[in-house]
Amino acid sequence: MSGLSRLRSLWRNVIHRKRVERDLDDELRSVFEALVNEHIQAGIRPEEARRAATVQLGRIDSIKTQLREERSGAGLESLWHDVRFGARMLRRSPLFTFTAVLSLAIGIGANTTMFSLVNALLLRDLPVADPQQLVEFWRTTQFGAGTAFSYPAYEKLRDENSAFTGVLAMSKSTVAGAGVSGQSAGRFVSGNFFEVLGLTPRAGRLLSAHDDRPDAPEGSAVAVISNRLWQREFGSAVDAIGKSIRVEGIPFTIVGIAPPAFDDLVVGRSADFFIPMWSEPLLRRDS
């Protein structure tokens with residue numbers, strides 16, 4: 001059967017179901033009567049002829065049920081009957097209906113939340129060049145593992161590294177900043193942060209080793225802002241580069257916009273701006 005013929009059959013069986021039922025009854029009745037006539041013509045009494053035709057053809061109700069199950073649209077019809085039956089049952093028991101709907105809502109909400117969490121923490125790759133090659137260093141002391149490195153220790157690892165393509169540093173805690181429309185949160189990162197991650201700017205430039213040094217001239221503090229903050233604070237205007245944001249009262253000149261997909265290196269969190277690691281003593285001194 002061609003696709004068009006199937007569609008026609010589906011339309012007829014679903015939309016004109018009563019007419020199809022009548023046609024089916026008429027056809028089965030004609031077949032049954034034809035068999036009865038054959039037996040009568042063969043010399044069998046009418047009562048015996050009808051009994052023989054029933055045995056030969058089978059029960060009409062069973063045949064109709066089988067034909068209904070095999071015709072196009074039978075699944076839709078069965079689904080519609082199930083939906084109507086379920087609706088009637090729910091309408092008769094409003095308390096049960098409320099409990100069922102509430103249970104479904106809680107279950108769907110919990111599953112959605114769990115999937116979002118698992119997707120963010122386990123399934124989704126970080127939007128960097130080679131996320132599978134990223135590793136994290138922690139310092140182990142007599143008090144246990146998980147202690148962060150000092151910046152001089154990071155510099156030693158970076159300069160003496162011979163196993164990795166690059167070593168970067170970032171703060172786990174965020175620093176507060178004030179923009180045009182409200183508060184924002186950012187991170188201290190090393191000058192090679194974006195370079196090691198293989199990222200390219202949306203606009204302007206990203207931080208470099210030149211920006212992250214203790215002898216940087218006064219007033220030369222720079223920042224890279226996220227694409228989200230760029231849209232929110234500056235309406236995606238190109239002239240945002242060169243303007244400044246204030247971080248704990250100190251102005252940082254915006255030199256670039258981070259890639260659109262990159263929010264942070266900490267999975268499940270987001271940062272609005274990134275400033276050089278060596279600016280932390282400057283902020284703490286003025287706070």
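**Figure 1. The whole chain at a glance.** Buried residues make up 28% of the chain's 287 residues, where buried means under 20% relative accessible area, exposed means over 50%, and partly exposed covers what lies in between (1.4 Å probe, protein chains only). This is a predicted model, so to speak of local features we need pLDDT of at least 70, and side-chain atom pairs count only at pLDDT 80 or more, while totals for chains, interfaces and linings use all residues. Residues are numbered from 1 along each chain as its sequence is written, and side-chain values use heavy atoms, with hydrogens and water left out. Among the contacts in the chain with a separation of 6 or more, 62% come from residues 24 or more positions apart, a contact being heavy atoms within 4.5 Å. The accessible surface is about 18,700 Å², and carbon and sulfur atoms own 57% of that; areas come from the Shrake-Rupley method with a 1.4 Å probe, and for residues only the protein chains shown count as cover.

**Figure 2. Strand 8 and its partners.** Six of the eight residues of strand 8 are buried, so the strand is largely enclosed by the rest of the structure. Strand 8 pairs with strand 7 in the antiparallel sense over four bridges, and with strand 6 in the parallel sense, again over four bridges; for a pair to count, DSSP has to find at least two bridges between the strands. Threonine 253 of strand 8 is the bridge partner of valine 222, and threonine 253 also stands opposite serine 244. Strand 5 (residues 203–204) joins strand 8 through two antiparallel bridges, with alanine 203 opposite isoleucine 257. Strands 7 and 8 also make a hairpin with two residues between them, and glutamate 248 in that turn has a positive phi of about 50°.

**Figure 3. Strand 9 between two pairings.** Strand 9 runs parallel to strand 4 (residues 183–189), joined by four bridges. In that pairing, valine 189 sits opposite proline 276. With strand 6, strand 9 pairs in the antiparallel sense over two bridges, and phenylalanine 274 is the bridge partner of valine 224.

**Figure 4. Inside the nonpolar cores.** The largest nonpolar core has 23 residues, and those touching the most other members are Ile225, Ile245, Val247, Phe252, Ile275 and Leu283. A core here is a set of buried Ala, Val, Leu, Ile, Met, Phe, Trp, Tyr and Cys residues joined through side-chain atoms within 4.5 Å. Elements giving two or more residues to this core are helix 7, strand 6 (222–225), helix 9 (227–234), strand 7 (244–247), strand 8 (250–257) and strand 9 (273–276). Strand 8 puts in the largest share, four residues. Leucine 283 touches Val175, Phe188, Val247, Glu248, Ile250, Phe252 and Ile275, leaving aside residues up to four places away in sequence. There is also a second, separate core of 16 residues, including Val128, Phe193, Ala258 and Ala271.

Figure 5. Lysine 156 and glutamate 160 are both in helix 7 (residues 151–160), four residues apart, or about one turn of the helix. The two form a salt bridge, with the closest N and O atoms 2.8 Å apart, and both are exposed. A salt bridge means a side-chain nitrogen of Lys or Arg within 4 Å of a carboxyl oxygen of Asp or Glu. Leucine 157, also in helix 7, is partly exposed because its relative accessible area is 33%. Leucine 157 belongs to a nonpolar surface patch with Val135, Phe137, Phe149 and Phe164, together about 420 Å² of accessible area. Patches take residues with over 30% relative accessible area and no salt bridge, joining like charges within 9 Å and nonpolar side chains (Val, Leu, Ile, Met, Phe, Trp, Tyr) within 5 Å.

Figure 6. The structure holds seven salt bridges. Arginine 158 and aspartate 159 meet in one, at 3.0 Å from N to O; arginine 158 is partly exposed at 30%, whereas aspartate 159 is exposed at 56%. Aspartate 211 and arginine 205 meet at 2.8 Å, N to O. Aspartate 211 counts as buried at 13% relative accessibility, while arginine 205 is partly exposed at 34%. Elsewhere, salt bridges with shared partners link Arg228, Asp263 and Asp272 into one network.
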